[in-house]
Amino acid sequence: MASEAAARKALEVAGVTKRFGAVTAVDEITFSVPQGRITCLLGPSGCGKTTSLRLIAGFEFPDSGVISIGGATMSRERPYERKVGLLFQDYALFPHMTVHENVCYGLKHRRYPKAAIQNRSRAVLELVKLRGLEQRYPSQLSGGQQQRVALARALAPEPDILLLDEPLSALDAKLRDELRVELKDILDKVDCTTIVVTHDQEEAMSLGNSIIVMNEGRIEQEGSPSEIYARPANRFVADFVGRSNWLRGVVLDAGPMEGFVWVELGNGAKVRSRCPAAPAGSACDLFVRPEAFTVASAADRGSKETLTGRVHDVSPLGSDVHVTVDVEGVGRVVVVRKNQWGDRLQRGDHVTLAFEAADSLVFALDR
Amino acid sequence: MKTMRGKRWIDDTCRVAMHVLFAFTFLFLFVPVLVSVTMAFDARPYLAPFPPSGLSLQWFGEFFSSDYLLQGLWTSLILASASSLVAMAVGSLAAFGLDRARFRGRELLLSLFLSPLIVPGVILGFGLLLLFSSLDLLEGLPRLIAGHVLITFPLCLRATLASLVGIRKSLTEAAMSLGATEWQALWEITFPLARTGVLAGGIFAFAVSMDDVAVALFLSDPTIYTLPIALVSMMRANFDLTIAAASLFLLVLAAFSTWLLARCVDLGQGVYRKP
């Protein structure tokens, strides 16, 4: 019998592999999604996230491994034998049907009684704020409205799992920010187990309760958005999620605290850094987020790690200022700060940057 | 300045030349039709040179009182209706299949299906005659229908395939994720969206079947023959203007049925239905 913990898992993917000819699109992936949570599959194109989605929806069948939905094995069930709602990237609204007919399509096929169909259709259109547009055809709606119809259509038959395929990528940047908030509100209200597939880390971070980073058919890291961002498990995740600085150095020895080491950088500076596992004497890369840097104050020297360099460029980009600093023997460092002190720095200035040892991470070089 | 004017001169000349070309093409296409339409109303009781000296409806009277021609017309109508319906069903199903299938030899199969369009009708007709008689298989009307399905279904296949190109695969998948089976998705989503192509193919098929001589010539027999066959054999025996009257009748029939169909099914309206 399934334990209580297992029963609360709405979706379980266990050791699933899918090959297309010689290409392994999904390679032995295992993850689970708890009831009512939103999980994002994040990765570059071709990483296997879309194939994973299609496997869960039932458009593809795994070569090996098991997919279970609500505790029942569904590996080889057809799409209409699972209760999975799907928001397609191109929305896939039926162009020959009105908004109302689109929304009712799933309800009819899921055998809802006549009265329930009307109620349910009204409720989901209310939810996505599209009441009054029932008799329109998809071609008469804006992109954002079409997306909400598609979402309403997917939610109408009360699916066990909702899959969103790149939900915001087809919209332009400004609309995207608006709709992201709106989408989040809707998902909060329906409380449906949701999987979002996206290549956009902002989308993943803002929508997901947890994020699964994928690359080349494998899962690189699974965790909360802040975990993924602050403590990437490997170089790929660090590079793919957010911007990062890589400072080449050598691990010297264990630092004063547990889990920290001293690293000697190319310019001879010795800094402390968080380090999960790297033997002393090995070459390494020190990873620091651009916004982890500050301009060092007098108090910082001693308590924080510091680097001295010369300002190469200052680019005010609205709310943020991007500053590039050339550190001799280390390379170019990108610093992102709020647009408050940016005007004080100028090209050619000598500057001392500081960062907390806890905000950096040491990755051993692969070879 | 000078080169500009030179270029304008070339533009103007080309425009005039194009209009002349259009006019010639138009005349080439329509003068024969106009001549035969006019001759159908010829009042002279014998075949005489164009233009007619007076007008009458006598040749239409001849046409509608000739049992021989009327029986041919009746056969043609039944044949064209039956074969275009079968061709529409077979052709559109083949198109649905070929559109989504990705297998080795798909292109070859498609070429094979479309080959009746390039094989001369005489060869097809003769081949079918030999095949059917050696197998002792079909006779009379069913034999004619079989022959006409063969030459018309590639038209339906091609028209349907063309209309399927614009239909995204995600629509079928959306239908299936909403609980529709493969058949329901085909019938409720793909077919209504491809309807224009399917019906356009059907109209082509009907027209080709009404018009065909080459294949029908081999598959007709003294009791079952089509209107074109009747007209051809009448032309050999006693050539008079009943043929012109019959042609005009067919022309009007074709124009009327196309107009009727267009009104009923929004022909040419594309995928999106107006509210």
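## Cavities in the model

Here, a cavity is a set of points on a 1 Å grid over the protein atoms alone where a 1.4 Å probe fits but cannot get out. By this rule there are 3 cavities of 30 Å³ or more. This is a predicted model, in which local features need pLDDT of at least 70. Residues are numbered from 1 along each chain as its sequence is written.

The largest cavity has a volume of about 60 Å³, a volume being the space filled by probe spheres set on the points, which are joined across faces, edges and corners. Lining residues have an atom within 4 Å of a point, and for the largest cavity they include A:Leu87, A:Gln147 and A:Arg148. α6(A) gives the most to this lining, with 4 residues; helices are DSSP runs of H or I, at least four residues, numbered from the N terminus.

Next comes the second largest cavity, at about 50 Å³. Its lining takes in residues such as A:Lys83 and A:Arg110, along with B:Ser177 and B:Leu178.

## Chain B overall

So what does chain B look like? Its secondary structure comes to 11 helices and 0 strands, a strand being a DSSP run of E, at least two residues. The radius of gyration of chain B is 24 Å, well over the 19 Å that the globule rule gives for 275 residues, so chain B is more spread out than a compact globule. That radius is taken over C-alpha atoms, and the globule rule is 2.2 Å times the number of residues to the power 0.38.

Buried residues (under 20% relative accessible area, 1.4 Å probe, protein chains only) make up 38% of the 275 residues in chain B.

Terms used:
Chains are lettered from A and ligands numbered from 1 in the order in which they are written. This is a predicted model: local features need pLDDT of at least 70, side-chain atom pairs count only at pLDDT 80 or more; totals for chains, interfaces and linings use all residues. Side-chain values use heavy atoms; hydrogens and water are left out. On a 1 Å grid over the protein atoms alone, a cavity is a set of points where a 1.4 Å probe fits but cannot get out, and a pocket is an open set with protein on both sides within 12 Å along at least five of seven lines; lining residues have an atom within 4 Å of a point. Buried means under 20% relative accessible area, exposed over 50%, partly exposed in between (1.4 Å probe, protein chains only).
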